[in-house]
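Below are some notes for a colleague who has not looked at this structure before. They are set out as numbered points, to be read alongside the model.

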Amino acid sequence: MEDINSIIERLDKGWDVKEARRAVADLIVEYMQSAQGSFGYWEKFHFANAISALAWNINSRHQPTTSWLRLCLVNLDKALVPAKQRNGNYTPKDKEIESLTFEQLMEAAEAVRQNG
């Protein structure tokens, strides 16, 4: 399984975007499953943004593109920051994000993975 850094390195070397998308989608699902036990606002916020950025990458009119894919990876990396290293005060908490469940985000991640 790829990790964030290896995906970035491969993208820098011209890796096929469709293959990269599949690897990123798989990584999102894997990382979400590993974070399920500690799925708080921080994780919801960054995983939701990663899923959204991946969907934007897939559906962008400018193809092939890696810009949204790279933003996806940034958010995925942020989702994995250990709790002691986080600054959760930099943004106000949003009710809509707070109300997201693990299951809803996993469903969205799987849908993007299927369409990518």
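Which helix gives the largest share of the nonpolar patch? Point 1 takes this up, after a reminder that the model is predicted.

1. The nonpolar patch. Helix 4, residues 67–79, supplies the largest share of the patch, with 3 residues. The patch lies on the surface and is formed by Trp-56, Trp-68, Leu-71 and Val-74, which together have about 400 Å² of accessible area. One of these residues, Val-74, is located in helix 4.

2. In soluble globular proteins, nonpolar side chains tend to be buried together. Here the largest nonpolar core has 32 residues, and those touching the most other members are Ile-7, Val-24, Ile-28, Met-32, Phe-47, Leu-54 and Leu-76. Two or more residues of this core come from each of helix 1 (4–12), helix 2 (17–35), helix 3 (41–59), helix 4 and helix 6 (102–115). Helix 2 gives the largest share, 10 residues.

3. Ile-7 and its contacts. Neighbours within four places in sequence are left aside here. On that basis, Ile-7 is in contact with Glu-2, Trp-15, Ala-23, Val-24, Leu-27 and Leu-73. Ile-7 is also among the core residues that touch the most other members.

4. Ala-23. This residue is found in helix 2. Is Ala-23 buried or exposed? Ala-23 is buried, because its relative accessible area is 11% and the buried class covers values under 20%. Not counting residues up to four places away in sequence, Ala-23 touches Glu-2, Ile-7 and Trp-15. Ala-23 and Cys-72 are 49 residues apart along the chain, and their C-alpha atoms are separated by 12 Å.

5. Side chains of opposite charge can pair when their charged atoms come close. How many salt bridges does a search of the whole structure find? The search finds 5 salt bridges. One of the pairs is Glu-2 with Arg-10, where the closest N and O atoms are 2.5 Å apart. Arg-10 counts as partly exposed, at 35% relative accessibility.

6. Glu-43 and Arg-86. The side chains of Glu-43 and Arg-86 meet in a salt bridge, at 2.6 Å from N to O. This pair links distant parts of the chain: Glu-43 is in helix 3, Arg-86 is in the loop between helix 4 and helix 5 (95–99), and the two are 43 residues apart. Glu-43 counts as buried because its relative accessibility is 3%, whereas Arg-86, at 25%, counts as partly exposed. Leaving aside neighbours within four places in sequence, Glu-43 is in contact with Ser-38, Ala-48, Ala-79 and Arg-86.

7. Arg-113 and Glu-110. Arg-113 forms a salt bridge with Glu-110, with 2.9 Å between the closest N and O atoms. Both residues lie in helix 6, 3 residues apart, which is about one turn of the helix. Arg-113 counts as partly exposed at 28% relative accessibility, and Glu-110 counts as partly exposed at 24%.

Conventions:
Residues numbered from 1 in each chain as written. Predicted model: local features only at pLDDT ≥ 70, side-chain atom pairs only at ≥ 80, totals over all residues. Heavy atoms only, no water. Patch = residues over 30% accessible without salt bridge, like charges linked within 9 Å, V, L, I, M, F, W, Y side chains within 5 Å. Areas by Shrake-Rupley, 256 points an atom, 1.4 Å probe, with all protein chains shown as cover. Salt bridge = Lys/Arg side-chain N within 4 Å of Asp/Glu carboxyl O. Helix = DSSP H or I, 4+ residues; strand = E, 2+ residues; numbered from the N terminus. Core = buried A, V, L, I, M, F, W, Y, C linked by side-chain atoms within 4.5 Å. Buried < 20%, exposed > 50% of the residue type's maximum accessible area, 1.4 Å probe, protein only. Contact = heavy atoms within 4.5 Å.
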